[in-house]
Each structure stands twice: as structure tokens, then as C-alpha cells.
Amino acid sequence: MIGISAIWIGVLLLGGGLALDRVLTSAITRNFDDGLSYVLTAMISSAEVGPEGEVLFNRPLADQRFLEPASGLYYQISGEGHEDWRSRSLWDRAIQVTPDMRDRPGQGIDSHQFPEEPLRLMARTVILPGSDTRWIFIVAQAREGLDAQIRSLRQTLVNSFLALGVGLILLAALQVFFGLRPLRRIRREIARMRAGEKSRVTEPLPREVQPLVEELNALLAHNEQQAEEARRHAGNLAHALKTPLTVVMNAATAKAPDLSGIVIRETGTMRRQIDHHLARARALGRRGAAQSRTEVWPSLEAVERAVERLYPDVRIDRDGAHDAVVRVERQDLDELLGNLIENAAKYGGGSVFVTVSPQGQSIDILVEDDGAGIPESERERIFDRGVRLDSGKPGTGLGLAIVRDVAEIYGGTVELDESEDLGGLLVRLRLPAG
């Protein structure tokens with residue numbers, strides 16, 4: 001940033017300095033030419049033709065330098081057929097008349113006729129009263145004074161712009177240094193967190209970087225939550241597997257005659273627990289995917305076809321918004337709907353009705369059946385792992401627990417109620433809209 005600023009400042013100051021030098025040099029030169037033009041006009045206004053056709057001044061010129069040899073200020077009047085009339089300051093030198101003096105009357109012209117003394121001259125062609133001769137009036141002045149002014153001006157410009165450039169670059173460097181200091185403070189805070197001294201960035205910082213700090217703290221909180229969920233998840237899985245393993249170990253130690261049956265039963269229990277925790281872990285891993293968007297209707301149709309193959313005698317109807325989209329991965333949505341619709345088909349009386357209803361920032365999916373329902377006193381306990389109210393039908397008691405866990409991971413909810421239309425159970429699954 002400092003390097004780019006230095007380059008850009010240098011380019012701008014160089015361009016501005018060149019433009020300013022051109023403007024001021026032109027102004028100084030124009031002022032110099034105005035002086036020559038004033039003297040030339042005074043010469044012409046005081047000139048007249050003498051008795052022998054020569055040019056005379058009816059009053060002497062005011063500047064005494066015309067009388068001093070090699071003074072740096074000269075005049076010359078030339079006319080065809082007449083001898084040049086020169087100022088005493090020219091002494092034995094003469095100004096040679098060139099075509100550009102006739103082509104550019106009244107304009108300043110640089111001349112190098114005198115190698116040791118560059119000149120700035122101005123010429124004008126005049127026909128005086130009483131004469132038919134075209135007289136060329138020339139006034140010239142050494143450029144030494146003009147060049148000295150230009151050199152002084154340029155030296156001042158270079159020094160001033162150099163000091164300005166250095167000052168601007170130092171200011172840019174200080175701005176970058178102090179502007180990025182909050183980031184260095186954040187780096188130190190993160191180093192302290194990594195060392196275990198702190199858990200959050202708490203140092204007050206400017207409002208320009210405060211959103212970054214807030215997002216960083218939110219990320220840390222999210223990671224801590226993820227780690228805590230992972231620890232809790234691992235603890236739950238270990239607890240769920242401990243009892244079946246103990247049963248198998250005890251049976252094996254006692255050399256029970258029905259050991260194979262016990263192993264098959266308990267390993268089936270362990271497998272179901274593992275499936276449940278794997279489903280929850282998959283949902284946790286995909287929760288951070290903000291781009292997760294799934295259409296409800298295609299998932300509902302796929303689940304319906306699968307359930308109808310398992311329960312061909314059950315009639316499944318659906319209604320509601322066909323364009324509803326939820327912020328859930330397709331695989332997890334299939335698992336949620338599959339558990340709810342399969343339970344309704346398994347424990348219902350043969351009719352299942354599914355309604356998809358948008359509710360502002362969320363989508364409600366209602367699954368109703370015409371079964372016996374669940375008493376209100378048992379509706380909260382039914383979500384616990386392994387709880388089954390109807391033990392006469394095959395099952396693991398994990399379906400509603402999986403539904404609740406996965407729904408909560410995505411910020412949704414599951415509620416149980418009584419179906420007014422079918423008389424059985426109504427499950428309301430609410431998921432964030434996509």
C-alpha cells in the first residue's frame with residue numbers, strides 16, 4: 001500500500017510540476033516580452049524621417065543601457081537601401097534580419113546570433129510618414145536575466161514538490177501503519193487465545209474492524225458449540241453402546257446357552273444406535289452449508305413411493321404449496337419425512353394425509369393419520385430414544401428422536417397434536433424456509 005501510494009504520488013506530482021513549470025515559465029517569458037514590446041512601441045512612437053531619408057528619434061530613449069556597450073539591451077533599425085541604425089550598446093555588432101522577424105511581427109523570438117550572449121528579440125515592420133521605405137524596428141535583450149528567473153523558479157518548484165512528495169509518502173505510511181494497527185491487535189488477541197489465555201477478542205477496537213471481531217467471536221462460539229455437541233454426541237453414543245456391550249460380555253463370560261441370540265439382539269440394538277447417531281452427525285456436518293436448499297414436493301413424492309411399497313394397503317394423500325423450499329439438505333429432508341410418514345402408515349388405520357403450508361419465514365409440514373393417536377401425557381416422552389408406546393409392531397423407538405434431533409439442528413421444531421380431520425396423530429414439522 002505504501003509503495004503504490006508512493007508511485008501514484010510521484011506520478012501526480014511529476015505531472016503537476018511539469019504543467020505548473022510550463023504555465024509559470026510562459027508567464028515569466030510573456031512578462032519579459034511585454035517589456036520588449038513596450039520599448040519597441042516607444043521607439044516607433046519617437047521615430048521620424050530626417051532630411052536625408054534616415055530615421056531619427058525626436059526624443060532620446062529613457063533606458064541608459066542603450067548607450068552602454070554590451071549592456072545586454074539593444075536596438076537596430078534597418079531599411080532597404082539605408083544603412084542600419086544601431087544602438088551604441090551593440091558597438092561593432094549587428095543584428096542580422098531573418099525571415100521569421102517579418103513572419104512573426106510583435107512576437108518574442110529567441111536568437112543565437114551572438115554565441116556568447118543568447119538574445120530574446122522582437123521586431124516590427126513600419127512605414128514612417130514622409131518615407132516609402134519599410135523600416136524594421138528591432139529591440140533585443142540578453143536572455144541571461146530571463147533564464148536566471150526560470151532557473152530560480154524551477155529550483156523552487158523541484159524543492160517544493162520534493163518536500164511535498166516526501167511529506168505525502170510519510171503521511172501515507174503513517175496512515176497505513178496506524179490504520180492497520182487494529183489488525184495487529186487482533187492478531188495478538190488470537191495468539192493469546194491460541195495460548196489459552198483468553199477465549200474471545202474483548203479488546204475495544206475501532207468500529208471499522210468491529211464487525212470482523214464480532215464475526216470472529218461468533219465463529220469461535222460456533223466452533224465451541226460444535227465441539228460441545230460433538231462431545232455430547234460421543235458421550236451419548238458411548239452410553240448407548242455400553243449396556244448392549246455389557247450384556248454381550250456377561251453372556252459370553254457366563255457361557256450362556258443362548259449366546260448367539262443375545263449377540264444378534266444386542267448387536268442389532270447397537271447398530272440402530274449407531275445409525276441414529278450417524279444421521280445426527282451428518283446433519284450437524286451439513287448444517288453450516290448456507291447454500292442448502294431443497295424443494296419439499298419432490299422429496300415428499302420420493303418418500304411416498306418408498307412407503308407405499310412397504311405398506312401397499314395404506315392410502316397417502318398430500319396437499320399444499322408445490323413450490324415450497326426449505327433450508328435443509330435433501331438427504332436429511334428425506335430422512336425426516338420418511339420417519340414421519342412411515343410411522344403414520346405403520347401405526348395409523350390406513351390413511352395418511354400430508355400438508356405443506358408456508359408460514360412466513362418457515363414451512364410447516366403436517367403429517368396426519370387415522371390411528372389411535374398418542375395421549376397428551378405421553379407426547380413429550382415419545383421423543384426419548386428407545387421409547388415405544390406400541391410394542392406389538394416392529395420398530396426401534398428411534399424414529400421421532402431422529403426427527404427431533406435433525407430438525408433442531410437446522411433450526412426447526414417438531415410438535416405432536418391431535419388430527420381434527422382424521423382423528424389420529426398430527427405431527428407438525430416446522431423447518432426454515434429457503
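In the hairpin formed by E13 and E14, with 6 residues between the strands, Gly 423 takes a positive phi near 85°. The structure is a predicted model, in which local features need pLDDT of at least 70, side-chain atom pairs count only at pLDDT 80 or more, and totals for chains, interfaces and linings use all residues. Residues are numbered from 1 along each chain as its sequence is written, and side-chain values use heavy atoms, with hydrogens and water left out.

Strands (E, at least two residues) and helices (H or I, at least four) are DSSP runs numbered from the N terminus. Two strands pair if DSSP finds at least two bridges between them.

| Strand | Partner | Bridges |
|---|---|---|
| E12 (residues 362-369) | E14 | 7 bridges |
| E13 (residues 413-418) | E14 | 6 bridges |
| E3 (residues 73-79) | E4 | 2 bridges |

Within E14, Leu 431 stands opposite Ile 363, and Leu 429 stands opposite Val 414. Strand E14 (residues 425-432) is mostly covered, with 6 of its 8 residues buried; buried means under 20% relative accessible area, exposed over 50%, and partly exposed in between (1.4 Å probe, protein chains only).

An open antiparallel sheet has 5 strands in the order E4-E3-E7-E6-E5. Strand E4 (85-86) and strand E5 (109-111) are at its edges with a single partner strand each, so one side of each is left without a neighbour in the sheet. Trp 85 in E4 is the bridge partner of Ile 77.

Leu 180 lies in the loop between helix H3 (144-179) and helix H4 (181-194). Leu 180 counts as partly exposed because its relative accessibility is 33%.
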